[in-house]
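Work through the exercises below with the model open.

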Amino acid sequence: MTRIGLSITARSPLLLTTGPPAFNLLETMDLIPGNTIRGLLARRYLDQGGKAEDDTFQNLFLKGGARFGFARIRGAQVIPLSARSCKYDGGFKGDGSHGMLDLLLGSEEEKRCSKCNQAIDYFEGYYNPTTYCREEVCTRLITRTAIDPVRGSASHNRLYSQRVIEEGQTFIGTIETTEALRPALEKLLAGKFTAGIGKGRSRGQGWVEVKECKTPDPLSKTNAADRAARFTESGGQLLAVTLLSDAIFQDGYLRDCTAPDLGHLEPLGINPDQWEPLPGKTFAASRLVFGFDGEPWRLPRVPRLAVTGGSVFLYRAKTGLEPDIPRDNGIGWIGENNREGFGQAIIWHPFHYQPAKEVVS
Ligand SMILES: [Zn+2]
């Protein structure tokens, strides 16, 4: 697998909706999902004169020869859901705030801000894993009225609002593919090009500038075995699984579930027989994923349940067992829909033992 970075800069407001299609308040997502990136590159391929029947098109976009990761603001990562910070001046030390705590490891006793000793609170969003500073997506609310098709003027009682991503912000994602397909992807990304994504393109929304860029990825250079040594409990090994992107898990009866089971963790090099089947600690959230089928059906898909990025699951090794520790960087893909960026996970995320890492420049 080889990796190609992709930068997408908003040149007009972006509306990438999450909710059911008909609603009078539409909220945008604060990231660009992998299937949107796959779609814009497939369109680019056809615009460059390629055909949907080509082997390259089939392999890149339909047969799973490439994995299109989610693009996040300036290449940021999701803050794990086990993170907490000061209730009154919450945030990273690098941003001048009181610093972060993480509840995954350690005792259950009450924790307070290490700087001012006040209560702590949830702290969600994105951060830069190199500088340990917060990254935020700027959005704004646009309110419009529907146009009456008969009179051609504003329609009464049909006001609607849309929360959009503001223009000027850059999102960075990674595409993983085979060496054989790399030249084709590089050709698609050569130079800069403009594309339309999301809703409201007839009103000038959704215009983005796309180009190749470096992949910012400090986590992939670290070693899982080194990190695992920090996750022990009175001698026993613990396994922390942290989702880097939203993930979709199905049980044996094809029902969506809200947590991975041990079988789902095998792609990360985990042997399911060596760990207790249920997580001892969990910090998780979920959302529904909506979508439409393409031609010729054009019907809404059955909504899927996704466990959101940042969710954390902590498993214990079976008593008396010395479990196998993977030798790679411990980052991999689990669950369903991996080629659309769902299910990127890391074992023994360093955030859990250094939530307030001080960066020496
Ligand atoms: Zn404080």
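**Exercise 1: a residue in a strand**

Solution. Helices (H or I, at least four residues) and strands (E, at least two) are DSSP runs, numbered from the N terminus. The model is predicted: local features need pLDDT of at least 70, side-chain atom pairs count only at pLDDT 80 or more, and totals for chains, interfaces and linings use all residues. Residues are numbered from 1 along each chain as its sequence is written, and side-chain values use heavy atoms, with hydrogens and water left out.

The relative accessible area of Asn 128 is 18%. Asn 128 is therefore buried (buried is under 20%, exposed over 50%, partly exposed in between; 1.4 Å probe, protein chains only).

Last, neighbours. A polar atom of the Asn 128 side chain lies 2.8 Å from the backbone nitrogen of Thr 130. Not counting residues up to four places away in sequence, Asn 128 touches Cys 133 and Glu 135 (contact means heavy atoms within 4.5 Å).

**Exercise 2: the metal site**

Which residues coordinate the zinc ion, and at what angles?

Solution. Start with the donors (N, O and S atoms within 2.8 Å of the metal, or 3.2 Å for Na, K and Ca; water is not among the atoms, so sites may look incomplete). They are Cys 86 (SG), His 98 (ND1), Cys 113 (SG) and Cys 116 (SG), at 2.0 to 2.3 Å.

Then the geometry. The angles among the four donor atoms are 106 to 112°, and the site is tetrahedral (four donors, all angles between 85 and 135 degrees). The ideal angle for four tetrahedral donors is 109.5 degrees.

Now the chain. The donor spacing is C-x11-H-x14-C-x2-C. His 98 lies in the loop between β6 (83-86) and β7 (100-102), and Cys 116 in the loop between β7 and β8 (120-122), 18 residues apart. His 98 is buried at 14% relative accessible area. Cys 116 is partly exposed at 30%.

**Exercise 3: one face of a helix**

Find the buried residues of α2 and what they pack against.

Solution. Helix α2 spans residues 55-62, and its buried residues are Phe 57, Leu 60 and Phe 61. Seen down the axis of α2, they fall within an arc of 80°, so they line one face (the arc is that of the directions from the helix axis to the C-beta atoms). They pack against α1 (34-47), β3 (66-68), β13 (170-177) and α3 (182-189). Just after α2, Gly 64 has a positive phi of about 80°.

Methods:
Tetrahedral: all angles 85-135°; square planar, octahedral: opposite > 155°, others 65-115°. Polar contact = N/O pair within 3.5 Å; in protein donor to acceptor, adjacent residues only side chain to side chain.
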